Amino acid sequence: MLITGNKITLRAVENADLVHFHQWANDPDIQYMLGGWHFPTNLNDQEKWFQTLNCNSLNQRFTVTNNDGVIIGMANLVNINFKDGNAELGLIVDKRFQGLGYGKEIVLSLVKYAFNELRLNRIETTVIAYNQPSLSLFANCGWTKEGELRDWYYRKGNYHNKVVLSILHKEYATYLQDGKIYS
Ligand SMILES: CC(C)(COP(=O)(O)OP(=O)(O)OC[C@H]1O[C@@H](n2cnc3c(N)ncnc32)[C@H](O)[C@@H]1OP(=O)(O)O)[C@@H](O)C(=O)NCCC(=O)NCCS
């Protein structure tokens, strides 16, 4: 099933999309903003990763296109825990398409899918403390900052805090009612 927003669609990752994933995986500016451990990745590595994707997975990964069908980024809902009703959300918007509101569209669409289709109760994300675009994005989508884990990341010779943010289903429902975000 496709997940749609006003100006984006999230769909399954196709083999042909891997050139974009490969490019993002090797882009130092993008990777500087992300958690995880990064090293040069070749297309073969990307294809091996693609083989591990499974439509029944508790780690769902999506290619994001705009209304012109152009690939503008990727998103994921991972570590889905149906027992406790929670999951983690992540995304990348290609540098050429940043600052145009696509990030907000992606987060709102995935949150809606997680709460209204998967019946989850809590979605969380973690952000490196200097990633201001990401902090603004999640604040714009009504997420709450829960706290910071100290010196969690080591980047460019310095330690940085990890910021934990989340949104609960009841908050989403209230924001919808108040018209702060759209359905
Ligand atoms: C974070 C990210 C997903 C935001 O996507 P986006 O499509 O640019 O998001 P939006 O257009 O909805 O803008 C979100 C906020 O980021 C700000 N922003 C976007 N590009 C920016 C830039 N290059 N520099 C500073 N701020 C920027 C926007 O102004 C907006 O904040 P505001 O409402 O306070 O003005 C994107 O910057 C990205 O992919 N970054 C690299 C990977 C990453 O950080 N992923 C998230 C990890 S948790």
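Predicted model: local features only at pLDDT ≥ 70, side-chain atom pairs only at ≥ 80, totals over all residues.

Colleague: Which residues come nearest the ligand?

Modeller: Met33, Gln98, Gly103, Pro133 and Ser136 come nearest, out of 23 residues around the ligand. A residue counts as near if its C-beta atom, placed from the backbone, lies within 6 Å of the molecule.

Colleague: Which elements give two or more residues to that shell?

Modeller: They are β5 (86–93), α4 (102–116), β6 (122–128) and α5 (132–140). Helices (H or I, at least four residues) and strands (E, at least two) are DSSP runs, numbered from the N terminus.

Colleague: Which one gives the most?

Modeller: That is α5, with six residues.

Colleague: And how do the shell residues divide by class?

Modeller: There are 11 nonpolar, 11 polar and one charged. Ala, Val, Leu, Ile, Met, Phe, Trp, Tyr, Cys and Pro count as nonpolar, Asp, Glu, Lys and Arg as charged, and the others, Gly among them, as polar.

Colleague: On to packing. At what angle do the axes of α4 and α5 cross?

Modeller: They cross at roughly 50° and come within 10 Å. Axes are lines fitted to C-alpha atoms, for helices over the stretch in contact, and angles run from 0 to 180 degrees between N-to-C directions. The two helices, α4 and α5, are therefore oblique to each other; angles under 35 degrees count as roughly parallel, over 145 as roughly antiparallel, 65 to 115 as roughly perpendicular and the rest as oblique.

Colleague: Which residues meet there?

Modeller: From α4, Gly103, Lys104 and Val107 meet Leu137, Phe138 and Asn140 of α5, contact being C-beta atoms, placed from the backbone, within 7 Å.

Colleague: What about α1 and α3?

Modeller: Their axes are 9 Å apart, at an angle of about 115°. Leu18, Phe21, His22 and Ala25 of α1 make the contact with Leu43, Gln46, Glu47 and Phe50 of α3.

Colleague: Changing topic, is tryptophan 37 buried or exposed?

Modeller: Tryptophan 37 counts as exposed because it has 5 C-beta neighbours inside 10 Å; the cut-offs are 20 or more for buried, 12 or fewer for exposed, and partly exposed in between, with C-beta atoms placed from the backbone. Tryptophan 37 is in the loop between α2 (28–32) and α3 (43–51).

Colleague: And where is asparagine 15?

Modeller: Asparagine 15 lies in the loop between β2 (8–12) and α1 (18–26).

Terms used: Residues numbered from 1 in each chain as written. Contact = placed C-beta atoms within 7 Å.
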